[in-house]
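Dear colleague,

I am handing over the structure we spoke about, and I would be grateful if you could look through it with the notes below.

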Amino acid sequence: MFEIKDKKKIAPDVYHLEVYAPLVAKKFLAGQFIVLRPLETSERIPLTVMRADVENGTITLVVKAIGLSTKQLCGLNEGDTITDLLGPLGQPSEIDTFGTVVIVGGGVGSAVSFAVAESLKNAGNRIISIIGARNKDFMILEDDFRAISDELYVMTDDGSYGKKGFVTKQLIDLYAQGKTLDRVITAGPIPMMRIISDITHEHNTPTIVSLNPIMIDGIGMCGGCRALVGGKIVFVCVDGPEFDAHQVDFDSLIRRNNAYRNIEKEKEHACRLDVHIEENVKNE
């Protein structure tokens, strides 16, 4: 049912997928996400929807092949089907007329922020986008952001493209220029979001982060995605994924996200071993 209609490699290990999911496309609101299993043997993984096309019944996903299940997903091709897909899940973004909104995306976090940026632009906000990557090869979605942004800043760590430096440096520069920033929205690596939160806290700028912790069912039953926000436990899948950045306990979030790293590596090694054994059996 959930057929991959289009697949493009847009950066090393990063893929742009259009998936046929008409009911999800019809109901999707900016900021929401889906949970899917690429194969019957895969774990469930949460992915943010970058764009929904109601007319064609498709949703666009930008996926980095970094763990076992994302590698399995990115290993599928056009015409293949995803085993199951649930959504849209989570609370939609708050879309209103705030004024000047800064969107900060690091790596594939740019895809997480895109739908929100587009909706805020359509609501009459002035959009300043800052997107960053390790180097030119890893830069994604520049044209998409340029089309909806009043100002766009492209940053690379090594200076191989755009401006040299981290996205956080450009945010500091905006404040230094005396610009009035009414809201900041960011998605990407946790350390990046924490630094952005610290910067905006100094300037009393309301800031929203999109969290992506360990998640299993996506409906608030397993408790795997719990986080500390404002000193209280929240379930990111049903209470989020977006939260007030200045209330998020980033230290606990980092500890939880690192808790299963070794298990993930062991499972990926076991999967490779199973494939190797299966190939040897076929060749005998």
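This is a predicted model: local features need pLDDT of at least 70, side-chain atom pairs count only at pLDDT 80 or more; totals for chains, interfaces and linings use all residues.

Residues are numbered from 1 along each chain as its sequence is written, and side-chain values use heavy atoms, with hydrogens and water left out.

Strands and sheet

Helices (H or I, at least four residues) and strands (E, at least two) are DSSP runs, numbered from the N terminus, and two strands pair if DSSP finds at least two bridges between them. Seven strands form an open sheet of mixed pairing, in the order β11-β10-β9-β8-β12-β13-β16. At its edges stand β11 (163-164) and β16, each with a single partner strand, so one side of each is left without a neighbour in the sheet. Within this sheet, strand β12 (residues 183-187) and β13 run parallel and are joined by three bridges, and valine 184 has threonine 207 in β13 as its bridge partner.

Strand β1 runs antiparallel to β2, with six bridges joining them, and here lysine 8 stands opposite histidine 16 in β2. Strand β1 is also joined by two bridges to strand β6 (residues 81-82), again antiparallel, where the bridge partner of glutamate 3 is threonine 81.

Backbone positions to check

The hairpin of β1 and β2 has two residues between the strands, and in it aspartate 13 takes a positive phi near 65 degrees, although aspartate 13 is not a glycine. With a relative accessibility of 40%, aspartate 13 counts as partly exposed; buried means under 20% relative accessible area, exposed over 50%, and partly exposed in between (1.4 Å probe, protein chains only). Asparagine 204, also not a glycine, has a positive phi near 55 degrees; asparagine 204 is placed in the loop between α6 (190-202) and β13 (207-210), and counts as exposed at 68% relative accessibility.

There are also cis peptide bonds to look at. One joins glycine 87 and proline 88, with omega about -5 degrees, and proline 88 lies in strand β7 (residues 84-89). Another joins glycine 240 and proline 241, with omega about 20 degrees, and proline 241 is in the loop between α7 (236-239) and β16 (242-244).

Rings and charges

The structure holds one aromatic pair, for which ring centres of Phe, Tyr and Trp (its six-membered ring) must lie within 6.5 Å, with planes under 30 degrees apart counted as stacked, over 60 as edge-to-face and the rest as tilted. The rings of phenylalanine 114 and phenylalanine 145 have centres 5.4 Å apart and planes at 85 degrees, so the pair is edge-to-face. The pair links distant parts of the chain, 31 residues apart, with phenylalanine 114 in helix α3 (residues 109-122) and phenylalanine 145 in helix α4 (residues 142-148). Both phenylalanine 114 and phenylalanine 145 are buried.

A charge sits over a ring if NZ of Lys or CZ of Arg is within 6 Å of the ring centre and within 35 degrees of the ring normal. The charged end of lysine 5 sits in this way over the ring of tyrosine 20, 5.5 Å from its centre, and that of arginine 134 over the ring of phenylalanine 138, 4.2 Å from its centre.

Surface

Isoleucine 219, in the loop between β13 and β14 (226-229), counts as partly exposed at 47% relative accessibility.
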